[in-house]
Amino acid sequence: MSFSSPNISPPSQRTTYNNHVFTFTHVVQPQPLVRGSCSISRSRICFLSKFDQTFSSPVMEEEGQKKSNLFSESESEEDYSKELDVAVRAVQMACSLCQRVQDILISKTNHQVQSKDDNSPVTVADWSVQAVVSWILSECLGSENISIVAEEDVHTLSKSNASELLESVVNTVNECLADAPRFGVEKPKSSLTTSEVLEIISRCNSTGGPSGRFWVLDPVDGTLGFVRGDQYAVALALIENGEVVLGVLGCPNYPMRKEWLGYQHRYHRIVSKLTPPNSESWNKGCVLYAKKGSGKAWMQPLIHVNKMFVWPNHAKQVFVSPIDNPALATFCEPVEKANSSHSFTEGLAHSVGLRKQPLRVYSMVKYAAIGRGDAEVFMKFARAGYKEKIWDHAAGVIIIQEAGGVVTDAGGCPLDFSKGLYLEGLDRGIIACSGASLHGKIIDAVDASWGCSSL
């Protein structure tokens with residue numbers, strides 16, 4: 001409902017929820033255009049010299065034809081198909097590594113879990129994934145072309161009291177890279193030494209910025225979920241001149257089939273153990289990816305043990321949900337209360353008319369849920385003093401946008417990835433929605449209620 005007379009104020013509703021006062025005003029405002037406007041050319045992805053050429057076969061050629069059909073033909077100055085191909089393979093390998101490590105962590109408590117300065121956990125998987133992804137990007141795209149922003153640094157791993165952890169990381173990295181040919185990547189000629197593993201981890205020292213090209217990696221996003229046997233993600237994105245141009249999001253415990261979401265994850269683990277390895281009925285885990293300007297996002301399953309990765313690996317296009325009725329929409333929010341306000345988001349959801357129980361999941365799996373249509377809204381309003389990091393959002397943002405959704409800060413502005421390691425200048429919080437209608441309602445509710453919040 002809109003009002004043209006300056007003397008008439010639009011009707012509003014006032015409600016109190018969890019000690020927050022929310023005022024929701026029914027005003028329809030024009031929504032900012034947050035989708036990328038440039039078109040990316042779609043050429044057939046060329047395998048690099050580091051990819052194992054022994055996999056060329058009639059099957060490969062058939063899949064290659066499908067691959068070329070996955071990307072519609074359009075023209076642009078830059079095509080990121082080569083980088084996307086490498087990134088998806090790297091994330092597939094990283095997810096396979098994480099699954100093995102998580103099984104070990106769940107089966108026993110050992111030295112593989114450490115604490116960061118903020119007491120959040122970090123595991124052998126964090127450093128191992130960082131090493132593996134750094135190695136693959138450098139080997140397949142040329143080390144001189146690779147600059148990486150990553151969450152973990154090498155200092156903790158280099159301390160004298162971390163010798164057991166370091167040994168586990170080196171062994172895990174070499175075990176993963178020995179399996180590289182299964183993913184179409186040439187493995188190292190010999191096992192990497194301890195100093196070589198530390199060196200490739202230390203390469204991830206970029207600080208980002210407004211110019212040039214750099215990769216952004218979160219090796220295990222949602223480490224708390226990871227060590228608890230719950231949801232987590234491996235997130236990799238490419239940023240060029242301050243804009244995200246491709247994103248890959250691996251979700252090892254997020255099933256391909258939506259109906260499995262209603263079960264507890266530990267039940268998932270039991271079923272996966274009972275299901276034959278060659279069965280396609282389970283399909284635990286998925287990888288989502290997108291390129292800027294394509295208007296398309298894709299999802300493929302994690303490959304089963306002993307199966308070969310052949311692009312595009314049964315990929316299917318995913319879309320955001322068409323639901324725009326708040327009463328039918330599902331919203332996601334972080335599990336952790338340490339860096340976000342559940343009471344404010346719950347109250348905000350109530351004022352907008354979101355009536356479903358929130359989906360609280362660890363990590364960027366929330367972005368995956370919206371990108372593939374399993375949920376409609378993700379809201380995060382950080383507590384005072386907390387700064388959002390670019391690796392926690394880059395890959396997820398482009399996937400939602402290319403799948404048809406909207407991601408902005410609470411002021412309706414696109415997230416700015418050009419300011420270094422953090423999303424500087426963020427207006428209050430982050431709002432991701434399946435469509436502009438829901439997005440507009442939440443933006444309006446935030447504006448009306450923010451003054452009454454305690455954030």
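This is a predicted model: local features need pLDDT of at least 70, side-chain atom pairs count only at pLDDT 80 or more; totals for chains, interfaces and linings use all residues.
## Nonpolar cores

The largest nonpolar core comprises 65 residues, and Leu137, Trp215, Val248 and Tyr289 touch the most other members. Helix α2 (residues 81-107) gives the most to this core, contributing 13 residues. A second, separate core has 44 residues, including Val244, Leu288, Val318 and Trp391.

The surroundings of Val248 can be listed in detail. Beyond residues up to four places away in sequence, Val248 touches Leu84, Ala87, Val88 and Val91, together with Val234, Ala235, Leu236, Val287, Leu288, Tyr289 and Ala395. In soluble globular proteins, nonpolar side chains tend to be buried together.

## The buried side of helix α6

Helix α6 spans residues 194-202, and Val197, Ile200 and Ile201 are buried in it. These residues lie on the same side of α6, because they cover an arc of only 105 degrees around the axis. The buried residues of α6 pack against α3, α4 (155-158) and α5 (163-178).

Helix α3 (residues 124-141) is also the place of Asp126. Asp126 has a relative accessible area of 0% and is therefore buried. Apart from neighbours within four places in sequence, Asp126 is in contact with Glu152, Pro219, Val220 and Thr223.

## Cysteines

A search of the whole structure finds 0 disulfides. For Cys176, the nearest cysteine sulfur is that of Cys98, 8.9 Å away. Cys176 is buried, at a relative accessible area of 3%, and Cys332 is likewise buried, at 0% relative accessibility.

## Salt bridges

The structure holds 13 salt bridges. One of them pairs Arg213 with Glu83, with the closest N and O atoms 2.9 Å apart. This pair links distant parts of the chain: Arg213 lies in strand β6 (residues 213-221) and Glu83 in helix α2, 130 residues apart. Arg213 is partly exposed, with a relative accessible area of 26%, whereas Glu83 counts as buried because its relative accessibility is 10%.

Within helix α2, Asp85 and Arg89 are 4 residues apart, about one turn of the helix. Their salt bridge brings the closest N and O atoms to 2.7 Å, and both residues are buried. An α-helix has 3.6 residues a turn, so residues three or four places apart point the same way.

A further salt bridge joins the side chains of Asp179 and Arg182, at 2.9 Å from N to O. Asp179 is partly exposed at 25% relative accessibility, while Arg182 is buried at 11%. Elsewhere, salt bridges that share partners connect Glu83, Arg213 and Glu240 into one network.

Note on methods
Residues are numbered from 1 along each chain as its sequence is written. Side-chain values use heavy atoms; hydrogens and water are left out. Helices (H or I, at least four residues) and strands (E, at least two) are DSSP runs, numbered from the N terminus. Buried means under 20% relative accessible area, exposed over 50%, partly exposed in between (1.4 Å probe, protein chains only). Contact means heavy atoms within 4.5 Å. The arc is that of the directions from the helix axis to the C-beta atoms. A disulfide is a pair of cysteine sulfur atoms within 2.5 Å. A nonpolar core is a set of buried Ala, Val, Leu, Ile, Met, Phe, Trp, Tyr and Cys residues joined through side-chain atoms within 4.5 Å. A salt bridge is a side-chain nitrogen of Lys or Arg within 4 Å of a carboxyl oxygen of Asp or Glu.
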